[in-house]
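Me: I would like to go through the labels used for this model. Please set each value against its definition.

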Amino acid sequence: MKKIFTLLVTALVLGTGSVMATIVTSISDNASWKAFVSSVNSGDDYSSTIVKLTADVVVDGTVSETTVGTSSNKFNGVFDGQGFTLTFNKTGITGLSNVAPFQFISDATIKNLKTAGKLDANKGLMAGIVSEASGTSTITNCTSSMDISCTVSEDATNGGILARGDNGANTTITNCAYVGTLTAESGVSGIVGYFRNGSSATFTLKNVLFAGTIKCTGTSNIRNIYRASNSGTTGNMYYITKGNGTADDGTAATSKELLNGQLAYNLASADDTNNTLFWGQGNLNRSNVDAYPSLTNDPKKKVVQVNINGMSTTPFVNPGGAAPNPCRFGKTGFKLSSGDAYSLETMPTEGDTFTYGTSKLETTTGMYCITLPAAAMTIVLPFDCDLPSGITAYDISYTSGDKVTATSVTKITANKPVLINGTAGAKYKFEASSSFGGTYAGTLTDGVKAHTNGVLTGVYVDANASSGYNPIAYVPENSYVLQNGASGLGFYKVKEANKIKITSFRAYATFDYSGSREFLGIDINGNTTGINEMKTQETNNAPVYSLSGQRVGSDYKGVVIQNGKKFVVK
């Protein structure tokens with residue numbers, strides 16, 4: 001190894017245009033990343049060095065000038081990604097194996113790093129973080145969404161995080177997640193492709209999540225989490241979707257754990273690294289809850305448990321997020337307690353006790369308060385009530401064709417779902433027309449009590465201990481949900497089960513016909529004027545952003561995000 005002269009200089013560019021390899025400690029762009037690669041690959045000693053990523057970097061260049069470490073010059077320092085993302089897009093790679101952001105490491109630590117992009121080659125040993133680890137090395141608090149594919153007609157030994165632990169290595173992988181797609185003939189694993197494990201080798205693999213996809217044409221040597229020649233120390237290993245041909249390694253996450261925050265909480269509780277990234281899950285107790293836990297530095301995604309109004313179990317919530325749903329079900333029905341709130345602006349910290357505020361469903365008066373998330377939405381309530389000022393309501397029916405019919409109604413009837421139209425962002429109070437007892441008879445199917453009205457099915461979701469106080473249900477496959485999407489405001493088909501979520505007091509639609517329409521518009525009282533007004537109202541009351549997160553004006557063309565939904569402006 002070359003002697004270290006300095007730990008502060010990133011790169012010295014000579015007048016000839018060549019780069020003299022020197023120790024790099026801070027990386028903020030493609031040029032400094034390539035200088036770091038050149039330094040390591042030329043043999044600089046990083047054994048006492050901490051290298052920090054200080055910004056998201058999109059890596060551009062050949063494989064040899066953008067991937068860290070060679071078989072003879074391995075990275076042996078500490079690389080701290082600080083929660084930033086390295087993006088690689090390397091396709092059509094031929095004749096090269098061991099392709100990964102870090103190709104070879106030894107006695108090294110890689111932490112707090114995110115990677116994204118795509119790797120495509122005709123050989124194996126590819127990974128989202130490290131291709132091959134030797135010595136005593138650690139990969140922790142790292143996540144990769146990188147899609148990895150190869151055409152090698154044999155065991156690819158690709159891994160979402162690590163491709164291979166070398167013979168005699170002592171490798172530790174903790175608090176890591178892979179969410180990309182692995183494609184090969186055979187020999188891939190969601191987290192670690194293979195621990196070679198010679199006679200003196202050991203490994204530790206704990207607190208990991210495979211939330212990606214495995215696509216293999218064969219069935220041999222495929223694992224959800226890892227493959228090894230002998231045993232190591234493992235624990236708290238989860239997968240969401242089992243890959244084709246995979247052996248039963250790891251634990252399948254249940255839909256309940258994914259919806260109510262329990263899995264994120266379990267992973268976070270076992271995380272003792274106290275690093276930049278932590279396990280979190282956003283929008284708990286809402287229909288747009290994150291699909292699975294992730295490693296994040298967003299405080300809004302932190303998951304805590306709190307004691308709420310004497311509930312027998314402590315539900316999972318996000319600080320500043322929504323509270324568990326107020327619907328309480330007994331053995332023969334459900335009861336709305338006077339102490340149950342629908343939503344909250346603030347939440348307590350871990351382990352605190354919280355008392356609900358005034359936004360609630362009350363046993364005696366019957367009241368439902370909501371800030372309308374969009375100009376048009378579905379609703380079902382357990383009591384009769386007059387329409388609040390500024391709200392119009394419609395029964396929805398379907399006969400034939402490519403539209404449903406919306407017929408105006410003058411009030412909301414208990415347990416009959418309707419479509420309502422108001423002002424997005426405005427707060428409305430629905431109050432019972434008469435005394436409200438709060439108890440209804442009925443049976444639950446999978447924790448959901450459903451009520452139909454025309455083509456709409458409204459749901460109240462069990463928020464009792466059996467469901468972990470989770471107010472979310474999945475919309476059935478081949479039903480329809482109201483969205484303002486690419487085809488405008490209307491009902492869009494749900495193509496997969498366990499994909500689209502719905503909260504209590506909302507409704508989905510089902511249609512009795514054999515067609516395969518993916519979208520149905522809405523016809524109000526024989527014309528579309530009212531629906532167009534709904535769409536315009538929603539558009540005018542919410543800012544529009546590009547995919548990069550920049551707010552854009554009405555003249556912007558392309559894919560945009562509004563009210564949390566993507567659609568195309570032409």
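Predicted model: local features only at pLDDT ≥ 70, side-chain atom pairs only at ≥ 80, totals over all residues.

Me: Why is the aromatic pair of Phe36 and Phe75 called edge-to-face?

Reply: Rings of Phe, Tyr and Trp (its six-membered ring) pair if their centres lie within 6.5 Å; planes under 30 degrees apart are stacked, over 60 edge-to-face, the rest tilted. Phe36 and Phe75 show 5.6 Å centre to centre and 80 degrees between the planes, so the pair is edge-to-face.

Me: What makes the pair of Tyr46 and Phe75 tilted?

Reply: The centres of Tyr46 and Phe75 are 5.7 Å apart, with 55 degrees between the planes.

Me: Why does Phe36 count as buried?

Reply: Its relative accessibility is 0%. Buried means under 20% relative accessible area, exposed over 50%, partly exposed in between (1.4 Å probe, protein chains only). Phe36 is therefore buried. Phe75 is buried too, at 0%.

Me: How do you know that E19 and E22 pair?

Reply: Strands (E, at least two residues) are DSSP runs, numbered from the N terminus. Two strands pair if DSSP finds at least two bridges between them. E19 and E22 have 2 bridges, in the parallel sense, so they pair.

How values were computed. Residues numbered from 1 in each chain as written. Heavy atoms only, no water. Helix = DSSP H or I, 4+ residues; strand = E, 2+ residues; numbered from the N terminus.
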